[in-house]
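Dear colleague,

I am passing the structure below on to you, and after it you will find my notes on what came out of the analysis. Please read them with the coordinates open beside you.

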Amino acid sequence: MKIGIDVGGTFTDFFLVKDGEAPLIHKTLSTPEDLSIAVLEGMKDLAGMMEPAMSPENFAKELDTIVHGTTVTTNATLTRRGAKSALLTTKGLRDALEMRRGIREEQYNNRYTNVVPLAERYLRTGVGGRLDRNGKELEPLSKQDILDAIELYKKEGVEAISICFMNAFANPEHEQAAAEIVRQELPDAYLTVSTELLPSIRFYERVSTTALNTYVGPILSHYLGQLKNRLKDIGFGGILLIMQSNGGVMSPEIAERKPAQTLLSGPAGGPGAGLIYAQAHDQNKCLTVDMGGTSFEASMAVDSPIMVNDGEIDRHRIALPMLGIHTIGAGGGSVGWIDKGGLLRMGPESAGANPGPVCYQKGGVKPATTDANLVLGYLNPGFFAGGKIELNINAARAAIEEHIAKPLNLSIEKAAAGMYRIACNNMAQGVREITIKRGFDPREFPMIVAGGAGPIHSCLICNELEIPFQIVPRESSILCAVGMLMGDLKHDFVRTFVSPLKTVDWDKLRGVFDEMSAEGASMLSEEGIDPANQEFYLKFDCRYLKQYHEVSFVMPNDIVEKRDADAVAKAFHAEHNRLYGYSLDELDVAIEIINVRVQAIGQTDKPVFQEIERVAEDPSAALKGERSVYLPETQEFAEVPIYDGHKLQYGHKVLGPAMIEEVTTAIFVSDSFDCIVDQLGSFVLYRKGREDLVEGTLKGAVA
Amino acid sequence: MSKVDPILLSVYARTFKAITDEMSISVEKTARSPILCEAKDFVTGLYDGEGNMLEQTENLPILAFSLAPVCKYIIDYFGDDIHEGDAIFHNDVFSMGNQNNDVAVYKPIFHEGELVAWTAVKGHQADIGGAVAGGYNPNATEVWQEALRIPPVKVYDKGVLRKDVWELIFANVRLDIVEHDMRAQMGATVIGERRLIALLDKYGVESYQDHKLALFDSTRKMMEAEIEKIPNGTYYGEGYVYYDGHHLGSEFTIRVTIEVKDNHIKFDYSETDDQTNGFVNGTFTSSASATILTLLQMVNPDIPHNEGMVEPIAIIIPEGTLLNASYPKATTFGNHICPPNADAIMKALAPAIPDRITAGWNHLLCSLTAGMDDEKGDRYVDIFFLGQKGGSGGMQGTDGYDHIGMIDASGGVLTQDYEMFEQQTPHVLNLHEYAIDTAGAGQWRGGIGTETIYTIGSDDTQFVTFGDGDFIPAFGLFEGQDSTLNSIVLTFPDGTEKTPNNKDLWTGVPKGTVYHQFAGGGGGYGDPKKRDREKLTAEIRDGLISEDAAKEIYGLGA
């Protein structure tokens, strides 16, 4: 028995699988004062939900694995509640962290201020000692400077220290010597050494990533300590794994060393989970969209979830491989407003859960996406969250009238339709960010739709992008928790390895590959992974000579045996062309290698989804009634059938337009789509006339 | 005429922005010169069939507002001779270009045979010929001593490369990376074209044309509403320029009279000093860009950037003045007359909108080295972005931004990464930190300036300075104080110290010479004695303000 647990800001989601039984889904309110409380409460709830009900102790004993995603480090960064941090760096360069290369993201906004640095200036110390660009020592390390700094840090109660020296990517010796002193003098302080975390070139990226790791390290250690204690108290003796930003999992011990790897832990389950539902239709790629109350996340997978080599959190650079998840401020709570030029806008301001949209009647006054959805008939006022929250449609209408309809001189319905359309357009732009901008055509991907509010908007998003095929899993409201059980153990390594591709020293390259693989193997073994289940993937970051940014691509490992530079060049040209619309293949421009990367993967046992029993196409047994709903294709309201999603089974076919209602979500099948339930119970929406997309599911229909 | 749909209008506005952003990412990721891909000294834009601005991504705003005028010039110039598959280069400052080194690519976009739009990318090239590598030639008195002039020229004609033209251009440029960088810029215009055509395929040309006009209209209204918030009146301000590169001690004054009437604003520079005999001259578009980007600092930052935004703004700059040099004057320094131009505008409007202007920003003082990286056996040109970032001016309620650099870029241009700087040049960086007591004191202080030291890493280095701010500081406002000055000093291996003029060109600078630069802070706003004590205490602790200054200027403990 395994559980995926996704601890979010508002809800903690659970997904339980047990061999031979249907999976269980559960949601409980998060407990911000100590997030591990909700984890335990939810597990006790689950014990009670088992057939037959179990005691928490028996439940804990039967549990093999818990995979845990957490926003604890994300929130500590966003709310500035990390550790009191210091930075030891090269003399003369201590401000790089705060200067952020001199960017002001909003150029015309003189009220826009810089971010508060992760280590304050008086705790950033320049230390004597210098390496040149090749790693050769120009000046020996000043141990005295370090000892003096440590005196100050002791006095100031510093909890965590970063070490990041200039050009250390080429030679880590000074950093290691400094670390030695810190470990001796301040053994209790949390320590991050830049070249242990990220031994690659670009000083700002490295110092920022190192400082983030340091800043959240003690917080994560504290939280994991609490969690482990609570789990021990109820007798859990299985394996606890932590979700990483790269979509893999790791042991809590490694998480404590590389906490920056958990900054995207929460949403990282989504892309991998999406792929499972796509695979049920013989597709090995998909887009996954997840629309919650305040944000919309979009990601992509081709064979496996798409990765990026760097990103940002709260305007701090983080240069660690992570899933390419694009987040925008669009959710059910996003507020509609008219800008000064008279254009309708949605978000990024959000009414959140409190006060929430106007129709919740908890004090919200500005109309939100959810209010528009209610006016358009997509939400059932008496069946929101299964009837737990009553929605007031008159309040929603009044707010839309006042704030949107009157200023634009539109009817309330037209105004609501406009809000709906702009919200969908914003989300479609979010999907463009991760597809078209990376050189992929979104029309070639099935879209996996998650989040409570997602399936109301997905048809219009798909119309915008001409996507013909979408899948709404039964578990769509807790998709990330599902993904957590699908993750392998995953560790990324990088070495800067500057060399012309043509004349690369293959012995040296092989050495670097072996070194990183050995490091990965030792981590995986520490996590109890048998060598037979360990895999290593080789990646190159290359560029045309004198280009500034690199293109990353995977090569088969045996390239280090075959020593085939032409094959590497060919792969590089192709990827450059795909990303930027051209390659210099014919001009014979030299290519240089900048970094070599290895990803070490430890295969975990994945739960097997049970296929459900097939029924006839006719869904009328699930019909609940009819309701007037807005159809974006004709821009008119029409009576459409409403189905009870819980009664729909494998093989049932619902023709659009229609609504399908579940406790945690509502699905709008627009005029352009029809829907069939597949063998995993997912609602599969395909463009009318494109039955070919669901041939497998349609085949062998029961009469 | 198709009906304008208010919702579809928002869709167009967002998509235009997405297109120019995507073009920007493409240049950043594929270019070679650090000036483009590290510093982001380029802009991307989308224009309609008549050359009107639809949207721009303005990493460096001073480059941006000359793209549309040049687009219109190109349309006139080629007339009927514009075809699908053309690509046109341009840098000529006497046909609306802003600076010789800022070379643009324009690509006409056709839909069903009709010219409907243009994409354009302009970037600061590492070299564009002329007498001095890198383009900054303080000795120049006419344009030919500065650069290769490129009036509109087709490098692709109906999709076919004009090999002869291409080779003529690049035979006159020192560095081969420039050729590849122009390819990267062309790549981005193609990416913009693909996206716009997808939009036109979906909604049709008629809908696009109608909504475009509606978008201009809505943006114009936003801009007019902002101008209406400035009290009607006539305002006057001055900004100062020091040294023309030829006559030590020379000074020049920019004089602007601003007339605000209801929802229109007029900037009249008729009283500005005459043009200089050196390269310290603006072009009309570099100066008008400076005016627009300064005004944009005082209005709602969310206004879209299209033709409607500039409509309510009138700018008068007579030819033959410092801000609009006549043919064939040298003008490479013209972009950098933006800071004193901005000073004149801020000072003029300070009494009218004291809550929206800032105190003075640090003026640019920059340098450039070129030569051989002996260890790598490679030529390099490096604009030293690392040293030039001073602070912006304080404003009511907000301190100036530290280490932001010139107002022409407003934080859009980045400094080199330290390690990349040492990879790309033979130099060794010794210091790059905030400099204590550089910010102009005030209740809201100016942004903090920086101190930078590096050691020159190979012999025979060509060394160029271009800038200002070493004679007068950034000004304080409403009892706020002035900042410190800019300075550059070189210490040669034999121990002699030499201060270059703020526009200077040296050759043969030896290996081991130590370069030492201060970029001043921004001006302060309001009485320093009223500065928040908690902030002040933290600034003393952090070594940004000295205890002496805190006592004497800020009145701490008094």
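**A sheet in chain A**

Strand β32(A) is joined to strand β33 (residues 666-669) of chain A by 4 bridges, and the two strands run antiparallel. Please keep in mind throughout that this is a predicted model. The link between β32(A) and β33(A) is a hairpin that passes through 4 residues, and within this pairing A658(A) has V669(A) of β33(A) as its bridge partner.

β32(A) also pairs with strand β30 (residues 636-644) of chain A, in this case through 3 bridges and with the two strands running parallel; here E661(A) in β32(A) has D644(A) standing opposite.

Which way do the residues of β32(A) point? From this strand, which covers residues 658-661, A658(A) and I660(A) point one way while M659(A) and E661(A) point the other way, and all of them are buried. This can be set beside the general rule that, in a regular strand, side chains alternate between the two faces of the sheet.

These strands belong to an open sheet of 4 strands in chain A, whose order is β29-β30-β32-β33 and whose pairing is mixed. The edge strands are β29 (623-631) and β33 of chain A, each of which pairs on one side only, and the twist from one strand to the next averages 30 degrees. At the β29(A) end, 8 bridges join β29(A) to β30(A) in an antiparallel arrangement, with Y630(A) standing opposite F637(A) in β30(A).

**Domains of chain A**

The domain assignment divides chain A into domain 1 (81-216), domain 2, which is made up of the segments 446-460, 469-481 and 611-698, and domain 3 (489-602). Between the C-alpha centres of domain 2 and domain 3 of chain A the separation is 43 Å.

**Where chain B touches chain A**

On the contact between the two chains, 62 residues of chain B meet 51 residues of chain A. The elements of chain B that each supply at least two residues to the side touching chain A are α1 (6-30), α2 (34-37), α6 (176-203), α7 (205-228), α11 (418-424) and β14 (428-434). The largest share of that side of chain B, 13 residues, comes from α1(B). Sorted by class, the side of chain B that touches chain A holds 27 nonpolar, 20 polar and 15 charged residues.

With best regards

Note on methods:
Residues numbered from 1 in each chain as written. Chains lettered and ligands numbered in written order. Predicted model: local features only at pLDDT ≥ 70, side-chain atom pairs only at ≥ 80, totals over all residues. Contact = placed C-beta atoms within 7 Å. Nonpolar A, V, L, I, M, F, W, Y, C, P; charged D, E, K, R; others polar. Domains from an automatic or database assignment. Buried ≥ 20, exposed ≤ 12 C-beta atoms within 10 Å, placed from the backbone. Pairing = 2+ DSSP bridges. Axes fitted to C-alpha atoms, helices over the stretch in contact; angles between N-to-C directions.
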